[in-house]
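Hi,

Here is the structure I promised to pass on to you.

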Amino acid sequence: MTCLELKSVSYRYGGARDLVLDGISASFEMGKVYAITGESGSGKSTLLSLMSGLDICGSGDILYMGKSLRDIDRDAYRAKSAGVVFQSFNLLLNSTALYNVTLSMGISGIPLDSNGKKMAAQALLEKVGVNSATASRKVLKLSGGEQQRVGIARALSHNPDVVIADEPTGNLDAETESAILKIFADVAHGDGKCVILVTHSESVTAMADEVFSLCDGKLAYGEAKREDEFGL
Amino acid sequence: MPVNCAIENALLNILKNKSRNILLGVITFVIITAEVAGMSIYNASGTIVKEFKARFGSEVALTPLKKSAEGITAEQAIAFSESECLLSTDINSSLTCRSDTLKAIGQTEGRSPNIIQGRENYGGDLSNAAMRLRGGQFDKILAEGKLPAILTDVKFWNRSLLARAARPAFRAGNNDPIPSFKVGQYKNECIVSSEFAKLNQLAVGDHISVQAGLFESGTLVETSISLTIVGIYVSAPSAAYPASYQNPNNEIIADFNTVASIQKEGQTGVAVNATYCLKSPELLALFEEEIRSKGLSPDFSVTTDEAGYRRLVGPIENLNSVSLAFLLMLFALGVAVMALVSMLAIRERKYEIGVLRAMGMKKGQVALGLWVETAAVTTVCFALGMLAGGLLSQPISDTLLAASGSIPVSVSISPLTALEIFAVAIVLASIAGFVSVSQITKYEPMKILMERN
Ligand SMILES: Nc1ncnc2c1ncn2[C@@H]1O[C@H](COP(=O)(O)OP(=O)(O)OP(=O)(O)O)[C@@H](O)[C@H]1O
Ligand SMILES: [Mg+2]
């Protein structure tokens, strides 16, 4: 089943001359892991922000379960249907890791009481490698890698249909990375959700079911040639 | 539920944003404190202005312009008192007199041996009279059972005793109440001071007789008047007076008409004193027109002591308008500061708002959260401000009144005032909330987060 469908999506930042995204079409199925690669500044984060309903594309359309993101309640879409891991995490810095996760559950309207939410959030944080002592600290006082994992736990906390993650393993060591990738694979293959990952990491592209590359505002199927392959 | 979690988040935020909320709280506290103080002063002074106007009115002076001017007659005094312009009237008639059988207090044999002896001793010189017969509206005193404003020299009388004297049972000399009162019923009845009664061994029910000195074409005509004592009031001890008839304890108080009617056609000697109080000084012209048409001679000028009235009411009226201006200024300042604080707060918290919006919280909920946070802080500081303002308002008011040379006034916060101030606080909080909402609406979450990055 198609989860997200891009139809000639174009986007230009206000005031900018060039299109960042130039007529992109693609479709993302439930039950699969997708990887999107591309050079820095190629527009990967921009594409993800459109898919997560944070902004609306200039022309073209993005459909979620057949409905245009223009028409649906995008707040509810973000709260319930999409789980987003931001490149810069975007966590509440003054709150604990645990609260960031339980608040997300609260906003999504998950039917759990506050204790239930705490238990579930704690379990999820353990799963991504954040123990309860770390979880009870303010995000401000966590390392980059820890913050990244809190972001991942938050994105998964409300059991969304589509997980959209911007370089989710960028700050992690190889061992943790593979543990996280296993979780994403389980979400897609086990729970039948759609997982879209932006990445520079080969281990990510290696485990993905499909790989796209973004270049000059266009999305191409298959892995882009890597810069270092030209060098020698 | 999402709404609950927005509110819960807001309440948790109060502690997370300590310094910001303390700043907000202090501002609210200061504004509310000043607002309470100002509002209670405004209300108190407003009440006092109203009360003063009602209580004191503005006294009218009827001043003779010529020595030869004929006095105001009893009929005129009463007719004038019926004007709609008046707040109160104080009429009394008085007449100096002597008695062959009664002694006056302070009457020294050596100094004025002839005082109570013969008609020649009047000699046209009233200082030889021994006592004074004073006619107030005695029937009113008795009927109302209280001391009305119609009698002058009230400061010399023992008010509570006079009031007791006015009680029917007291008047009857036993506990049987007298069922009704009629005007003129008290003809030839009087009350005397306890000091005078003791000196002359008088009791309720006794009959006394005095001689009044009247003049008919320049000649003294003595008229004898018989009175029955219906009450004795306890008087303060007498001070020294140059003439015994000036001593208020020597006054025999009778009904106005009893005294006024002693004087027959063509006679003079009964002085009618009338003091009229206007409801407000502006009514003077109207009142003058009315009493002139009722026969006041052009030999009298009709004036008010407007300066005196202003002296009394003016400072409080000033305080009233100053405190209103202060309140309005404070309110404007409060609005401005609240708007500014919330604008800065929103800017400072743009990232947080962006994160919440990215997590799917709706604009309205984010705004509600911010409003709840502000309102909670405002409410706490409102309570503290009320307390501090309540404590401050009395000294502030005292200082202001002392500076304007007025009497001290008791200032307190009524429930209505508290409600008014609460309304002010809510308006301030809502303005803060409104600013928040309008600011949040300006930003899409993407933009908020992008700008920070
Ligand atoms: N708010 C903005 N206003 C204007 N231009 C922007 C804005 N944000 C990003 N851009 C530009 O849009 C292009 C795409 O940016 P984007 O962040 O999507 O790149 P990216 O592929 O995610 O890069 P990276 O791998 O470094 O994260 C860049 O050229 C960037 O400079
Ligand atoms: Mg990026």
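Let's begin with Val26(B), which sits in helix H2 (residues 18-56) of chain B. Helices here are DSSP runs of H or I with at least four residues, strands are runs of E with at least two, and both are numbered from the N terminus. With 46% relative accessibility, Val26(B) is classed as partly exposed. That word has cut-offs: buried is under 20% relative accessible area, exposed is over 50%, and partly exposed is in between (1.4 Å probe, protein chains only).

Together with Ile22(B) and Val30(B), Val26(B) makes a nonpolar surface patch of about 270 Å² accessible area. Patch members need over 30% relative accessible area and no salt bridge; nonpolar side chains (Val, Leu, Ile, Met, Phe, Trp, Tyr) are joined within 5 Å, and like charges within 9 Å. The areas come from the Shrake-Rupley method with a 1.4 Å probe, and for residues only the protein chains shown count as cover.

Before going on: this is a predicted model, where local features need pLDDT of at least 70, side-chain atom pairs count only at pLDDT 80 or more, and totals for chains, interfaces and linings use all residues. Residues are numbered from 1 along each chain as its sequence is written, chains are lettered from A and ligands numbered from 1 in the order written, and side-chain values use heavy atoms, leaving out hydrogens and water.

In chain B, nine of the nine residues of helix H11 (residues 350-358) are buried. Gly360(B) follows H11(B) and has a positive phi, near 100 degrees. Over in chain A, helix H6 (residues 144-156) is largely enclosed by the rest of the structure, because 11 of its 13 residues are buried. What covers those buried residues? The cover includes H3 and E6 of chain A, and also H11 of chain B (contact means heavy atoms within 4.5 Å).

Which protein atoms hold the magnesium ion (ligand 2)? Its protein donors are Ser45(A) (OG) and Gln87(A) (OE1), 1.9 to 2.2 Å away. Ser45(A) is in helix H1 (residues 44-51) and Gln87(A) in the loop between strand E6 (82-85) and helix H3 (97-108), so the pair ties together parts of chain A that are 42 residues apart in sequence. A donor is an N, O or S atom within 2.8 Å of the metal (3.2 Å for Na, K and Ca), and since water is not among the atoms, sites may look incomplete. Ser45(A) is partly exposed at 28% relative accessibility, and Gln87(A) is partly exposed at 44%.

Last, the salt bridges: a side-chain nitrogen of Lys or Arg within 4 Å of a carboxyl oxygen of Asp or Glu. Glu210(A) is buried at 14% relative accessibility.

In chain B, Glu373(B) and Arg349(B) form a salt bridge at 3.0 Å, N to O. Both ends are tucked away: Glu373(B) is buried at 1% relative accessibility, and Arg349(B) is buried at 4%. Elsewhere, salt bridges with shared partners join Asp73(A), Asp75(A), Arg78(A), Arg357(B) and Lys362(B) into one network.

Cheers
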